[in-house]
Amino acid sequence: MDNLRIVVEDELFIPKRKNTGDAGADIKSAVDVVIQPGEACNIPAGFKIAIPYQYGGFIFPRSGLAYKHGIRLCNGVGVIDHQYRGEVMLPLRNDGMKPFAIQRGDRLAQLVILKVKLPGFVVVDALDETERGEGGFGSTGVRGE
């Protein structure tokens with residue numbers, strides 16, 4: 001896979017990598033909007049994309065927006081499946097204390113294309129034993145141990 005097929009309403013919305021070799025390509029807002037504190041908003045990204053079979057498009061937040069302004073993706077990481085052909089949308093939430101103004105063309109997220117395995121699922125009576133077993137959150141120790 002060398003190139004992905006996309007449809008854009010304006011060349012401004014072609015995902016772009018800031019530096020050669022970056023994994024993430026910036027995704028921009030196609031609209032002007034203000035997200036109030038505690039509010040969620042679905043932001044159109046201005047493009048549609050054809051993800052190849054056995055690949056996924058993964059949308060990650062931009063760390064600076066989260067750290068500086070409390071702006072995050074509602075779903076943590078978005079997934080674009082290979083058969084989806086609609087416009088890419090960015091479900092953003094403002095967990096900050098102030099309204100956050102977004103202008104058309106602002107970089108809001110990053111698109112990473114990854115190869116994915118597509119195994120089936122087989123029901124069994126039990127799983128193999130491991131050293132960790134069923135230990136969940138915090139079961140591998142706390143900081144400093």
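The lining of the second largest pocket in this predicted model divides into 8 nonpolar, 2 polar and 1 charged residues (Ala, Val, Leu, Ile, Met, Phe, Trp, Tyr, Cys and Pro count as nonpolar, Asp, Glu, Lys and Arg as charged, and the others, Gly among them, as polar). A pocket is an open set of points on a 1 Å grid over the protein atoms alone, where a 1.4 Å probe fits, with protein on both sides within 12 Å along at least five of seven lines; lining residues have an atom within 4 Å of a point. Residues are numbered from 1 along each chain as its sequence is written. Local features need pLDDT of at least 70 and side-chain atom pairs pLDDT 80 or more, whereas linings use all residues; side-chain values use heavy atoms, without hydrogens and water.

The volume of the second largest pocket is about 150 Å³, taken as the space filled by probe spheres set on the points. Its lining includes I59, L73, N75 and Y84. Strand 8 (87–94) contributes the largest share, 4 residues, and strand 7 (78–80) supplies at least two; strands are DSSP runs (E, at least two residues) numbered from the N terminus.

The largest pocket has a volume of about 280 Å³. Of its 13 lining residues, N3, L4, R17, I49 and I113 lie nearest the centre. The lining comprises 10 nonpolar, 1 polar and 2 charged residues, and strand 10 (residues 107–115) provides the largest share, 3 residues.

Strand 10 also pairs with strand 2 in the antiparallel sense over 4 bridges (pairing requires at least two DSSP bridges), with D26 opposite Q110. In strand 2 (residues 25–28), A25 and I27 point one way and D26 and K28 the other, and all are buried (under 20% relative accessible area, 1.4 Å probe, protein chains only).

Terms used:
Buried < 20%, exposed > 50% of the residue type's maximum accessible area, 1.4 Å probe, protein only.
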